Amino acid sequence: MNREEMICPYCGASVEKRKFCTKCGGDLCNVPEVIVIENRLDEKDEIRKALIGKNSEHYLCNFRIMEKKNTKDWNWCGFLFGPYWYAYRKMYSWVAIWFVIQLVIGALLTVLMYCFPDQITILQYMDKPISLGMRIFFAVMANSLYKKRIDMLVINLPADEYARQEYIRKKGGVSIPATVVTVLIVVGMLCLQFV
């Protein structure tokens, strides 16, 4: 059975003709004209898709929504997994920034506990709201930072086909080893707290 597809005017995704977009939830009832398509990825999207690797359709849809609405987008993986998601997506500088912020906050709270021993109970509980605030910030920024990284990789893409494929292999996709290293660093930091 041949199904009719259209381009969602909100996110640009190719979706089956329905009342709502299955990718972004946009209302498709009032779209004046249905755009029937077969394949809508342009060359830049194909390169982005290759650089993103796993879940590329999800991220391309989010990127289109962010471009169209000029907004930030919530990333649940960025919220729940924080530096592990950033490492998995090869955003190593943001993993380093995460750790530096955690170390600075930990050191600052330790100094405050030493300077104000009568307020130690309150200071001990400040760690949780600060950590939650960091998670919220990094979740809101995750897709925007990831889009900037992918767009920068597209700009720096070599012209030579062999060099291009090697560049995509090295710079794009995901990294499980980096995620494991990040987990080991966190475990090491936790162990240092008990020494």
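Search this whole structure for aromatic pairs and you find 13. To pair, rings of Phe, Tyr and Trp (its six-membered ring) need centres within 6.5 Å; planes under 30 degrees apart count as stacked, over 60 as edge-to-face and the rest as tilted. Keep in mind that this is a predicted model, where local features need pLDDT of at least 70, side-chain atom pairs count only at pLDDT 80 or more, and totals for chains, interfaces and linings use all residues. Residues are numbered from 1 along each chain as its sequence is written, and side-chain values use heavy atoms, leaving out hydrogens and water.

Here are two of the pairs:

| Pair | Centre distance | Plane angle | Type |
|---|---|---|---|
| Tyr-59 and Trp-85 | 6.5 Å | 35 degrees | tilted |
| Trp-74 and Phe-79 | 5.4 Å | 40 degrees | tilted |

Tyr-59 sits in helix 2 (residues 56–69) and Trp-85 in helix 4, so their pairing ties together parts 26 residues apart in sequence. Helices (H or I, at least four residues) and strands (E, at least two) are DSSP runs, numbered from the N terminus. Both Tyr-59 and Trp-85 are buried, meaning under 20% relative accessible area, with exposed over 50% and partly exposed in between (1.4 Å probe, protein chains only). In the other pair, Phe-79 is buried at 17%, whereas Trp-74 is partly exposed at 31%.

Tyr-59 and Trp-85 also belong to one aromatic cluster, whose members include Phe-63, Trp-94 and Tyr-146.

How about confidence? The mean pLDDT (the predictor's confidence in each residue, from 0 to 100) is 83 for the protein, and 88% of its residues reach 70 or more. Helix 4 (residues 83–88) comes out highest, at a mean of 95, and strand 1 (residues 5–7) lowest, at 70.
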